[in-house]
Amino acid sequence: MQQLVIGASSAIAQAIINQGLKQGDVIVAVSRKVSDQEESSTGTHPRWLQCDYTESSIEAVCALIRDSKMSFDRVTICNGILHQESFSPEKRLENVSISHLDTVMRINAFVPLLWVKALKPLLRTNKKPCVITALSARVGSIGDNERGGWYAYRASKAALNMLMKTAALEYRRETTLVRFLLFHPGTTNTPLSKPFQKNISPEKLFTPEYVADRLMRIQSELSSEASIQFLDWQGEQVEW
Ligand SMILES: NC(=O)c1ccc[n+]([C@@H]2O[C@H](COP(=O)([O-])OP(=O)(O)OC[C@H]3O[C@@H](n4cnc5c(N)ncnc54)[C@H](OP(=O)(O)O)[C@@H]3O)[C@@H](O)[C@H]2O)c1
């Protein structure tokens with residue numbers, strides 16, 4: 001299988017890459033970061049491409065992929081932030097700021113859309129099925145929002161869901177071989193969730209390896225009927 005993993009420094013992305021390599025996949029990994037991949041147990045490693053996620057940088061990565069004539073079975077977009085040194089998720093309206101909203105919206109919603117845009121010329125001529133997955137989150141569900149708070153993160157994942165659904169409808173008009181998945185991994189032990197883990201019982205805090213395994217199963221069993229689905233790690237539908 002040929003896989004493109006975007007946002008490859010993410011703990012979940014790393015687990016996806018390692019499991020892919022173990023099963024003999026060819027993997028192209030894209031990240032802001034320089035590769036610090038050690039050789040896996042199989043002695044293989046992904047082709048690592050650096051990208052700063054500007055439109056020109058995303059286009060440049062896609063040109064390299066086009067030249068390599070790769071044809072992907074899986075594209076997985078892992079980018080997402082919840083907190084940074086300069087901000088934490090907002091508990092109340094008084095904490096809302098435009099710079100926080102701008103940053104989170106750009107990384108969590110707009111960067112994934114730019115990838116789906118730049119990859120369209122490559123993927124619409126795919127001769128085999130491809131699943132495009134964006135890592136979403138249940139807190140992006142409007143129907144499921146009963147607790148409030150986390151304005152920027154919630155809104156960015158709701159926007160991600162709408163942008164991916166709209167792109168999936170457009171792709172579907174050109175090819176039925178590309179399907180979209182919005183995936184809620186559950187609370188996973190990564191730097192993103194670290195500050196918010198204290199009230200999570202150990203059995204509800206997943207390892208990245210468990211989540212990667214669940215995702216890969218769900219991708220391989222994904223129905224070809226719907227152009228897009230919003231599913232959790234159990235393969236159950238999440239309310240939009
Ligand atoms: N952990 C959880 O409990 C949980 C729950 C629900 C949903 N998710 C979602 O799962 C995905 C993966 O998260 P994770 O838990 O593995 O987190 P993580 O290890 O903190 O990974 C952070 C991700 O965000 C990207 N990123 C960080 N700063 C960025 C920037 N300035 N511009 C563009 N990209 C940037 C990184 O890409 P680079 O490789 O380019 O640095 C990396 O892909 C996210 O979309 C997150 O929202 C996680």
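What is the handedness of the crossing of α2 and α3? The crossing of α2 and α3 is right-handed, where right-handed denotes that the near helix is turned clockwise from the far one by less than a right angle, and left-handed that it is turned anticlockwise. The model shown is predicted; local features need pLDDT of at least 70, side-chain atom pairs count only at pLDDT 80 or more, and totals for chains, interfaces and linings use all residues. Residues are numbered from 1 along each chain as its sequence is written.

**View 1. Packing of α2 and α3.** Helices and strands are DSSP runs numbered from the N terminus (helices: H or I, at least four residues; strands: E, at least two). The axes of α2 and α3 are 10 Å apart and pack at an angle of about 30°; axes are lines fitted to C-alpha atoms, for helices over the stretch in contact, and angles run from 0 to 180 degrees between N-to-C directions. That angle makes α2 roughly parallel to α3 (angles under 35 degrees are roughly parallel, over 145 roughly antiparallel, 65 to 115 roughly perpendicular and the rest oblique). From α2, the contact is made by Glu55, Ile58, Glu59, Cys62, Ile65 and Arg66, and from α3 by Leu114, Trp115, Ala118, Leu119 and Leu122; two residues are in contact if their C-beta atoms, placed from the backbone, lie within 7 Å. These residues divide into eight nonpolar, no polar and three charged, with Ala, Val, Leu, Ile, Met, Phe, Trp, Tyr, Cys and Pro taken as nonpolar, Asp, Glu, Lys and Arg as charged, and the others, Gly among them, as polar.

**View 2. Packing of α3 and α4.** Helix α4 (residues 151–174) packs with α3 at an angle of about 15°, their axes lying 8 Å apart. At that angle α3 is roughly parallel to α4. The contact residues of α3 include His100, Leu101, Val104 and Met105, and those of α4 include Ala152, Tyr153, Ala155 and Ser156. The contact of α3 with α4 comprises 15 nonpolar, three polar and two charged residues. α3 passes α4 in a right-handed crossing.

**View 3. Crossing of α1 and α5.** The axes of α1 and helix α5 (residues 208–221) cross at roughly 60° and come within 8 Å. On the α1 side the contact involves Ala11, Ile12, Gln14, Ala15, Ile16 and Gln19, and on the α5 side Pro208, Glu209, Val211, Ala212, Asp213, Leu215 and Met216. Nine of these contact residues are nonpolar, two polar and two charged. This crossing of α1 past α5 is right-handed.

**View 4. Surroundings of the ligand.** The ligand is surrounded by 27 residues, the closest being Gly7, Ser9, Ser10, Ser31 and Gly80; a residue belongs to these surroundings if its C-beta atom, placed from the backbone, lies within 6 Å of the molecule. The elements giving two or more residues to this shell are α1 (11–22) and α3 (98–123). α1 supplies the largest share, three residues. By class, the shell holds 14 nonpolar, eleven polar and two charged residues.

View 5. Thr133 is found in strand β5 (residues 130–135). Thr133 counts as buried because it has 24 C-beta neighbours inside 10 Å (buried: 20 or more other C-beta atoms within 10 Å of its own; exposed: 12 or fewer; partly exposed: in between; C-beta atoms placed from the backbone). Apart from residues up to four places away in sequence, Thr133 touches Thr76, Ile77, Leu181, Phe183, Leu215 and Gln219. Val30 lies in strand β2 (residues 26–31) and is buried, with 28 C-beta neighbours inside 10 Å.

**View 6. Tyr53 and Lys69, non-glycine residues with positive phi.** Tyr53, in the loop between β3 (47–50) and α2 (55–68), has a phi near 70°. Tyr53 is buried, with 20 C-beta neighbours inside 10 Å. Lys69 occupies the loop between α2 and β4 (74–77) and has a phi of about 60°. Lys69 is exposed, with 7 C-beta neighbours inside 10 Å.

**View 7. Ser220 in helix α5.** Ser220 is exposed, having 11 other C-beta atoms within 10 Å. Ser220 and Val131 are 89 residues apart along the chain, and their C-alpha atoms are separated by 8.7 Å.
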